[in-house]
Amino acid sequence: MLGLYSFISLWACDLLTGTTTPYTAAWYRKTSLTFSDAIGAVRLAIWIGDINQHSPPNRERQNIPQERILRMAQALCFAT
């Protein structure tokens, strides 16, 4: 578990910058990034890169608009 925590923390350091704002809920405002933001950013990086890669090769392709994929992935990544 400590290794996984360290891996997520290091990867999130590459993904999150000093100008990144924390993901907040309507009832709770955060002023700094937390591990929840870090794991959400790592999930988002993994899931965005993996969507549509496992589709069957001989099907007619139907693209989902990129902004919709991003909204869906963000909703799933930061769900706690």
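Author: Of the 80 residues in the protein, 19% are buried, a word used for under 20% relative accessible area, with exposed meaning over 50% and partly exposed in between (1.4 Å probe, protein chains only). The model is predicted, so local features need pLDDT of at least 70 and side-chain atom pairs count only at pLDDT 80 or more, while totals for chains, interfaces and linings use all residues. Residues are numbered from 1 along each chain as its sequence is written, and side-chain values use heavy atoms, with hydrogens and water left out.

The secondary structure consists of 3 helices and 0 strands, in the order α-α-α along the sequence. Helices are DSSP runs of H or I with at least four residues, strands are runs of E with at least two, and both are numbered from the N terminus. Of the contacts with a separation of 6 or more, 62% join residues 24 or more positions apart; a contact means heavy atoms within 4.5 Å.

Now the core. In soluble globular proteins, nonpolar side chains tend to be buried together. Here the largest nonpolar core has 6 residues: Ile8, Ala12, Leu16, Ala38, Ala41 and Val42. Such a core is a set of buried Ala, Val, Leu, Ile, Met, Phe, Trp, Tyr and Cys residues joined through side-chain atoms within 4.5 Å. Helix 1 and helix 2 are the elements that give two or more residues to this core, and the largest share, 3 residues, comes from helix 2. Leaving aside neighbours within four places in sequence, alanine 41 touches Leu15, Leu16 and Phe78.

Leu16 also turns up in the contacts of aspartate 37, a residue of helix 2. Aspartate 37 counts as buried because its relative accessibility is 4%. Beyond its neighbours within four places, its contacts are Leu16, Pro22, Tyr23, Lys30, Ser32 and Phe78. Isoleucine 39, again in helix 2, is partly exposed because its relative accessible area is 23%.

Next comes the loop. Leucine 33 sits in the loop between helix 1 (2-15) and helix 2 (35-50) and is partly exposed at 34% relative accessible area. From leucine 33 to tyrosine 23 the C-alpha distance is 8.0 Å, at 10 residues apart in sequence. Threonine 31 belongs to the loop between helix 1 and helix 2 as well, and it is exposed, with 82% relative accessible area. The C-alpha atoms of threonine 31 and threonine 21 are 8.1 Å apart, and the two are 10 residues apart along the chain.

Last, the outside. The protein exposes about 6600 Å², of which carbon and sulfur atoms supply 58%; accessible areas come from the Shrake-Rupley method with a 1.4 Å probe, and for residues only the protein chains shown count as cover. Met1, Leu4 and Phe7 form a nonpolar surface patch with about 410 Å² of accessible area together. Patches take residues with over 30% relative accessible area and no salt bridge, joining like charges within 9 Å and nonpolar side chains (Val, Leu, Ile, Met, Phe, Trp, Tyr) within 5 Å; a salt bridge is a side-chain nitrogen of Lys or Arg within 4 Å of a carboxyl oxygen of Asp or Glu. Methionine 1 lies in the segment before helix 1 and counts as exposed because its relative accessibility is 85%.
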